[in-house]
Amino acid sequence: MKTALILNGPNLNLLGTREPQVYGPYTLADVQALSQQACATHGFALDFRQSNHEGELVDWIHEAGRSQATGTLAGVILNAGAYTHTSIALHDAIKGTGITLIELHISNVFAREAFRQHSYISPVAKAVMCGFGVAGYGLAVAALAEMQSK
Ligand code: DQA
């Protein structure tokens, strides 16, 4: 069974209390539970993580590159939070490892502030999803399953 690695960046640990009008009422534990359900449906093991630290996310992407090389990783779903809009380091890590990665956002970043409308992740992502609320995590797992057959 391959693993779906879901990485969450800064402030996503605050889901449930953080701007519920933007991100909804669900906690990160709720998101993990729905991701677990989607992974069970699609035959993946789930590895679900969150960090507020850019370097830790870089390290995890390097780890994903090694797992992809050994054939144990289905791919990565990354909600990089605000690092999406600032991090050349994450861009370089994704590009340098060549991992299969879906960029995910809970909110529709294109309907928000101008600074959210540029992503350093998109050019190195296989696909980009935003605006589905936390349901996007389940949809991204389904999309990762679809990609396996390609
Ligand atoms: C986010 C959107 C980002 O602009 C923001 O900084 C986040 C969350 C989202 O899931 O909608 O932290 O990635």
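## Gly55 and helix α3

In this predicted model, helix α3 spans residues 54–70, and Gly55 belongs to it. Gly55 has a relative accessibility of 41%, and it therefore counts as partly exposed, since that class lies between the limits of 20% for buried and 50% for exposed residues.

Gly55 can also be located relative to Ala89, a residue 34 positions away along the chain. The C-alpha atoms of Gly55 and Ala89 are 8.2 Å apart.

## Aromatic rings

The number of aromatic pairs in the structure is 0. A ring does, however, take part in an arrangement with a charged group: the charged end of Arg49 is placed over the ring of Trp60. The distance from this charged end to the centre of the Trp60 ring is 5.2 Å.

## The surroundings of the ligand

## Polar contacts and burial of the ligand

In the side chain of Asn79, an N or O atom is 2.8 Å from an oxygen atom of the ligand. For His105, a polar side-chain atom is likewise found 2.8 Å from a ligand oxygen atom. For Arg116, the distance between a polar side-chain atom and an oxygen atom of the ligand is 2.9 Å.

The ligand taken alone would expose 320 Å², of which the protein buries 99%.

Methods:
Residues are numbered from 1 along each chain as its sequence is written. This is a predicted model: local features need pLDDT of at least 70, side-chain atom pairs count only at pLDDT 80 or more; totals for chains, interfaces and linings use all residues. Side-chain values use heavy atoms; hydrogens and water are left out. A polar contact is a pair of N or O atoms within 3.5 Å; within protein, one must be able to donate a hydrogen and the other to accept it, and residues adjacent in sequence count only if both atoms are side-chain atoms. Accessible areas come from the Shrake-Rupley method with a 1.4 Å probe; for residues, only the protein chains shown count as cover. Rings of Phe, Tyr and Trp (its six-membered ring) pair if their centres lie within 6.5 Å; planes under 30 degrees apart count as stacked, over 60 as edge-to-face and the rest as tilted. A charge sits over a ring if NZ of Lys or CZ of Arg is within 6 Å of the ring centre and within 35 degrees of the ring normal. Helices (H or I, at least four residues) and strands (E, at least two) are DSSP runs, numbered from the N terminus. Buried means under 20% relative accessible area, exposed over 50%, partly exposed in between (1.4 Å probe, protein chains only).
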